[in-house]
Number of protein chains: 2
Amino acid sequence: MAVTIHDVAQAAGVSVATVSRVVSGSVHHVRPETRARVQAAVTQLRYRPNLVARGLKQRVTHTVGLIVPDISNPFFPAIARGVEDVASRAGKGVLLCNTDEDLTKERAYLNLLDTRMVDGLIFATVGTNPGHLRMLRRRGVPVVLIARAPRGVGIDAVLVDNRRGTREATEHLLRLGHRKIAFIGGPTTLPDAAERRTGYEEALAAAGIPVAPALIRDGGFRAEGGAAAVGALLDQRVPFTAIVAANDLMAIGAMEKLRRRGRRIPDDVAIVGFDDITFARLVEPRLTTVAQPKYRMGCLAMERLLEVIGGDRRPRRAVLEPKLVVRDSCGARARGRVPAAQRS
Amino acid sequence: MAVTIHDVAQAAGVSVATVSRVVSGSVHHVRPETRARVQAAVTQLRYRPNLVARGLKQRVTHTVGLIVPDISNPFFPAIARGVEDVASRAGKGVLLCNTDEDLTKERAYLNLLDTRMVDGLIFATVGTNPGHLRMLRRRGVPVVLIARAPRGVGIDAVLVDNRRGTREATEHLLRLGHRKIAFIGGPTTLPDAAERRTGYEEALAAAGIPVAPALIRDGGFRAEGGAAAVGALLDQRVPFTAIVAANDLMAIGAMEKLRRRGRRIPDDVAIVGFDDITFARLVEPRLTTVAQPKYRMGCLAMERLLEVIGGDRRPRRAVLEPKLVVRDSCGARARGRVPAAQRS
DNA sequence: TGCTGTAATGTAATCGTTTACAGACCACGC
DNA sequence: GCGTGGTCTGTAAACGATTACATTACAGCA
């Protein structure tokens, strides 16, 4: 059915080797006249080399795997987009895998991607337990981790400085006069959730404010979790005037809950998120948040992966600086108003 | 480096054909004893068949292409997730492609996916001009369109009833007493944008209300466009008490703008969106919207694609019913309050 | 003239599978 | 005793490319 290299060879009156040399732009010499004849046949027959066959022979499939917990989590699409943009420019395809942070699925995908002979992997997932990673490393599979990386595994990674992010967010609130700042964190088993909490604690410590366990809650990185955490805070009458949320989803969930309980933002409670997902600037009030350069992280990860595939094997990790984007949810931009903590 | 079928054959003391028969679960008979020997060798050597080689021989790559305009547009991740879930259950991989609705990119991807011998394609993109589609059809590539389908091309598709969606949204506002209802639409070149507008006009017509061109604006399906459209409406002092937006992004942009101009939602202006993206229920007030079953659409499209790949060639299109999700942005749930249009 | 080197092209092996075909073996029925 | 038919297994030819190696032709040179 499809046109093969044999058809072209026959049409041009040459051997398949010659066609291959012309088509794949090999270094070998081909007489200009022959080359022209082959090219004519190629265009006439609309020949396009079969990448599967080529992949089998050359052991390069021009395919990479992108493993995320859940593409419908708003944090990942921008990353995926960055990865795909760079990949497609380099002629590589991106196989999308959702693991739901389920170890079984993750293992299954890893095996699958191996049998598919992908050229490399980008891991933007949590469940990356070092066992897997070490195995991949041993097998020599090019891998780049993104957003999360277990300590002590010598693998390339593109990360942001989580600690610095929450530290700056907390410092911002301190500067605005807040002293009772709650923290809604992610599952503490995740390294980045732990780092974000550390940043918050560091900022408090530097300001000479003791860390109050009652002010620290787990919101599981989900909007509902953020709402629940705030609900508990209010129910237990723990006093607070500001919140640092370890991601935007929880911040938005918290805002919603605060509003239902009659608290105004930022007048009664100031809040800062983390990630800067698309909707951070669409909620009301617009959410002040620590921006992760998600798209750029995706690009960088793919660029690094291309280098690793190209043979560069000295694990490097890029740690990007997060950036505090000040909007309206913390009261800093409300010139006329005075933060709740300073009133009365 | 990698373990091949030859290694297994040697280890088990049989031919590669026998190994293949055991591994691929072919119908051929293999003596239980031999089978056991082979299986032992397989597990001992950790053999896993090379899908590239298998694909070349069987002309099946267990890969499908998913073509979307932009995965970072919040409408698509849920679709992608549905597609991927069903695909992975069927042992197929999903190659993600972003076209930005650019015809050149689209064509490039189509060629690429062809040379990669993908088993089929899911097109969740706008730029689907019938030329492409007809070519695919001619080549016999299994294709399923999702969310958008040009008329008159006999290709499988999974759609929602756009007209009905906006009609119900508009009827809902009419029932609440609104008479001056603005419509913020998408680019009218897109068939679904046109359908949504038609639904709005039908509802007005059925209520005996003339369609006022001044109330109809193009928001380009983007948040900024929604804001701009509302801004223009206000600047030109076109009176309106409610808005139907052809997607949630525009609705959210519009809400933001209304708020900045001092209009309260839903008291001064009621608003209904379309799509029910994740954030529709996170904005304040929570957005009433016409829900598209995005995840299910992804699942259905992939299920249908599997059937088409399996040989079922009679184009079928599934038209799903959208569902109006009533939240707080239209005033229907605010029992104590009276819609602005009925006040004084 | 004959030898050598190089450019241009062809032949065939290879990548790792599947599978058509053939052969070996055995039991069975006549 | 001998064909016949059924299992089981092996051999080798695909799939569609790349590429090591062989071959040819011809120019340059002694």
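**Entry 1: the two chains together**

I looked up where the two protein chains meet in this predicted model, and I found 37 residues of chain B in contact with 37 residues of chain A, where contact means that the C-beta atoms of two residues, placed from the backbone, lie within 7 Å. I noted that α4, α5 (76-89), β2 (93-98), α6 (103-115) and α11 (248-260) of chain B each supply at least two residues of the side that touches chain A; helices (H or I, at least four residues) and strands (E, at least two) are DSSP runs, numbered from the N terminus. By class, I recorded 19 nonpolar, nine polar and nine charged residues on that side of chain B, with Ala, Val, Leu, Ile, Met, Phe, Trp, Tyr, Cys and Pro taken as nonpolar, Asp, Glu, Lys and Arg as charged, and the others, Gly among them, as polar.

For my own bookkeeping, residues are numbered from 1 along each chain as its sequence is written, while chains are lettered from A and ligands numbered from 1 in the order in which they are written. Local features need pLDDT of at least 70 and side-chain atom pairs count only at pLDDT 80 or more, whereas totals for chains, interfaces and linings use all residues.

**Entry 2**

I then followed β2 of chain A, which pairs with β2(B) in the antiparallel sense over three bridges; strands pair if DSSP finds at least two bridges between them. Here Leu95(A) has Leu95(B) as its bridge partner, and, of the residues of chain B, Leu95(B) also comes closest to the rotation axis, at 2.3 Å (C-alpha).

How is chain B laid on chain A? I found a turn of 180° and a shift of 0.0 Å along the axis, with an RMSD of 0.1 Å, so the two copies are related as by a two-fold rotation axis. The superposition is by least squares on the C-alpha atoms of residues with pLDDT of at least 70 in both copies.

**Entry 3: the DNA strands**

Around DNA strand D I listed 29 residues, of which Thr4(A), Ser20(A), Ala17(B), His29(B) and Thr34(B) come nearest; a residue is near a strand if its C-beta atom, placed from the backbone, lies within 6 Å of it.
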